[in-house]
Amino acid sequence: MIQSMEKEKAKKTKIIVKAPTQERSRQTVSTILDACSRLLVSEGFYSITTDKIAKEAGVSIGSLYQFFGNKESVVQAVVKNLMEEDKRIMTEKMRAISPLPPEQRVKAMIELAFEICRRNYELRAKLTTIQYYVAEAAYISEFIRFFQEVVRYNLPPIPGKDMEKVSYLLVNAFIGLVNTMAIDNPNYINDNTLLAEITQMFFKYLDINPNAETKHNPSKGDFI
C-alpha cells in the first residue's frame, strides 16, 4: 500500500521537466516559485492550479510547463528551496555557535532553530500538512539527518547515553512541536515564553545546568 502511494506520488511530482540553464530561465523559475508561495499562503494547496500560478507569476502556462509537470511539482520545488535555505542559514550561523561553552551552545541552537522556523512561517504553516505528500521522502529524511548531525556534533557528551539517539529524539521532538504549533497555534512561534519553556525542557532532558560556569573551549572547530 505504502509503495503504491509512493509510486503514485512520484508520477505526480516530477520536479523539473527542463532544468533552467540560462539566467532568464532561472529567473522565470524563481518567479514561478515565488508566485506559488504567495498562493499557498493566500489560498492553500488544494485551491491553487497551474493556471493560477502562471497568472500570479505573469508568465504563460506554456512557460510554466516548460519547467514543471504539474502543480505538485511546483510545490515540491518550493518545499525544496525552503529546506535548502534552512540548511544554508544553519550552516552559516553555526560557525559562530559551535565554539561556545556547552550551555550557551545548546541555548543558541534552540534559538537559531526558532529563528529559522519563523522565517516564512505563514508558508511553512500551509506546507505542514502536505509537504510529505509533495516532497520526496528520501529528501526529507536527508534534510532531517542533516540537522541531527549538527545537533549531535554540538551536544555535550552525556555519560551512558547514545548521542545519536539523543540527537534523533531532540530534532524530531522539536519538529513535532513546530508542526503542531503551525496547525493549532501559529502565534506560538513568536511567543518567547514558549521558547524559554522548550529550552528548559531540553536542558532538563540533557541534564544541563544553564547557570553552570563552563570554560570556553577555543579548540572546538566548526561543526562541519
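User: What is the mean pLDDT of the protein, and where is confidence lowest and highest?

Analyst: pLDDT is the predictor's confidence in each residue, from 0 to 100. The protein has a mean of 86, and 84% of its residues reach 70 or more. Confidence is lowest in helix H1 (residues 2-12), with a mean of 46, and highest in helix H3 (residues 50-57), at 98.

User: Over which residues does pLDDT stay under 50?

Analyst: Residues 1-7 stay under 50, and the model has 1 contact for them beyond four places in sequence. Contact here means heavy atoms within 4.5 Å. Residues 214-224 are also below 50, but that stretch has 27 contacts in the model beyond near neighbours in sequence. Where pLDDT is low, the predicted coordinates should not be read in detail.

User: How many helices and strands does the protein have?

Analyst: Helices (H or I, at least four residues) and strands (E, at least two) are DSSP runs, numbered from the N terminus. This protein has 11 helices and 0 strands. Of its contacts with a separation of 6 or more, 75% join residues 24 or more positions apart.

User: How much of the protein is buried?

Analyst: Buried means under 20% relative accessible area, exposed means over 50%, and partly exposed is in between (1.4 Å probe, protein chains only). Buried residues make up 43% of the 224 residues.

User: Is Arg105 buried or exposed?

Analyst: Arg105, in helix H6 (residues 102-118), is buried, with a relative accessible area of 6%.

User: At what angle do the axes of H2 and H5 cross?

Analyst: Axes are lines fitted to C-alpha atoms, for helices over the stretch in contact, and angles run from 0 to 180 degrees between N-to-C directions. Angles under 35 degrees count as roughly parallel, over 145 as roughly antiparallel, 65 to 115 as roughly perpendicular and the rest as oblique. The axes of H2 and helix H5 (residues 71-97) come within 9 Å and cross at roughly 95 degrees, so these two helices are roughly perpendicular to each other. H2 contributes Ile32, Leu33, Cys36, Ser37 and Leu40 to the contact, and H5 contributes Val74, Val75, Ala77, Val78 and Asn81. For residue classes, Ala, Val, Leu, Ile, Met, Phe, Trp, Tyr, Cys and Pro count as nonpolar, Asp, Glu, Lys and Arg as charged, and the others, Gly among them, as polar. The contact of H2 with H5 has 8 nonpolar, 2 polar and no charged residues.

User: How do H10 and H11 pack?

Analyst: Helix H10 (residues 163-184) and helix H11 (residues 192-206) pack at about 160 degrees, with their axes 12 Å apart, and are therefore roughly antiparallel. Among the residues making the contact are Leu170, Phe174 and Met181 of H10 and Ile198, Phe202 and Tyr205 of H11. The residues of this contact divide into 12 nonpolar, no polar and no charged.

User: What is the phi of Asn120 and of Asp207?

Analyst: Most residues other than glycine have a negative phi. Asn120 has a positive phi of about 55 degrees although it is not a glycine; Asn120 lies in the loop between H6 and helix H7 (121-127) and is partly exposed, at 42%. Asp207 likewise has a positive phi of about 55 degrees. Asp207 sits in the segment after H11 and is exposed, with a relative accessible area of 70%.

Technical notes:
Residues numbered from 1 in each chain as written. Predicted model: local features only at pLDDT ≥ 70, side-chain atom pairs only at ≥ 80, totals over all residues. Heavy atoms only, no water.
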